Amino acid sequence: MTEPLEVGDAAPASVSGTWAELGGLAEQLLGVVQAVEGVNAVYPAQPLWQSIAGAALSALTGETPSLISLTDDAGVLAVKMRIAVATSRPAPVVAREVAEAVRRHLLPRPAAVEVSVVKVGT
């Protein structure tokens, strides 16, 4: 779901193409996502079973894959995440609020945000 946000007085998130900077932004966005009411958990953006290379790297290094996936393509930041939602709020509402919070955090930079709800309940 894509909904435009109007530019306001929000402080823009600074993003350039280096992996370290994108990793720092991923950590910021993780906090933004976890702060949305109804989000129970954030899972790796791409399950390990879908990425043989990611699974091998995780096995070798012991590092877990990024919970927020960021891809900078021609000035538009693609943001992907997978979340679990509490039953106290409708999952579509929580997913929209997560996407809106992420886009608002990134203003004025254009972003395409993909939120997948992979679990509902405790």
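Predicted model: local features only at pLDDT ≥ 70, side-chain atom pairs only at ≥ 80, totals over all residues.
1. Start with the overall layout. The protein chain has three helices and four strands, and from the N terminus on these elements follow the order α-β-α-β-β-α-β.

2. Next, look at how the chain meets itself. Among contacts in the protein chain with a separation of 6 or more, 73% are between residues 24 or more positions apart. Of the 122 residues, 33% are buried. The chain exposes about 7300 Å², and carbon and sulfur atoms supply 57% of that area.

3. Now for the inside. Which residues have the most contacts inside the largest nonpolar core? They are Val 33, Ile 68, Val 79, Met 81, Ile 83 and Val 102, in a core of 23 residues. The elements giving two or more residues to this core are helix H1 (19–34), strand E1 (39–43), strand E2 (68–73), strand E3 (76–85) and helix H3 (91–106).

4. Setting aside neighbours within four places in sequence, its contacts include Val 33, Val 39, Tyr 43, Val 98 and Val 117. Val 33, like Ile 83, is on the list of core residues with the most contacts.

5. Arg 82 is buried yet has no salt bridge: the nearest side chain of opposite charge, that of Glu 114, is 8.4 Å away. A polar atom of the Arg 82 side chain does lie 2.9 Å from the backbone oxygen of Pro 44.

6. The other is Arg 89, in the loop between E3 and H3. Is Arg 89 buried or exposed? Its relative accessibility is 16%, so Arg 89 counts as buried, the cut-off being under 20%. A polar atom of its side chain lies 2.6 Å from the backbone oxygen of Glu 37. Leaving aside neighbours within four places in sequence, Arg 89 is in contact with Glu 37, Gly 38, Val 94 and Glu 97.

7. Finally, check two spots in the backbone. Leu 107 and Pro 108 are joined by a cis peptide bond, with omega about 5 degrees; Pro 108 sits in the loop between H3 and strand E4 (111–120). Ala 74 belongs to the loop between E2 and E3, and its phi is near 55 degrees, a positive value in a residue other than glycine. With a relative accessible area of 78%, Ala 74 is exposed.

Conventions: Residues numbered from 1 in each chain as written. Heavy atoms only, no water. Core = buried A, V, L, I, M, F, W, Y, C linked by side-chain atoms within 4.5 Å. Buried < 20%, exposed > 50% of the residue type's maximum accessible area, 1.4 Å probe, protein only. Contact = heavy atoms within 4.5 Å. Polar contact = N/O pair within 3.5 Å; in protein donor to acceptor, adjacent residues only side chain to side chain. Lys, Arg positive; Asp, Glu negative; His and termini not counted. Salt bridge = Lys/Arg side-chain N within 4 Å of Asp/Glu carboxyl O. Areas by Shrake-Rupley, 256 points an atom, 1.4 Å probe, with all protein chains shown as cover.
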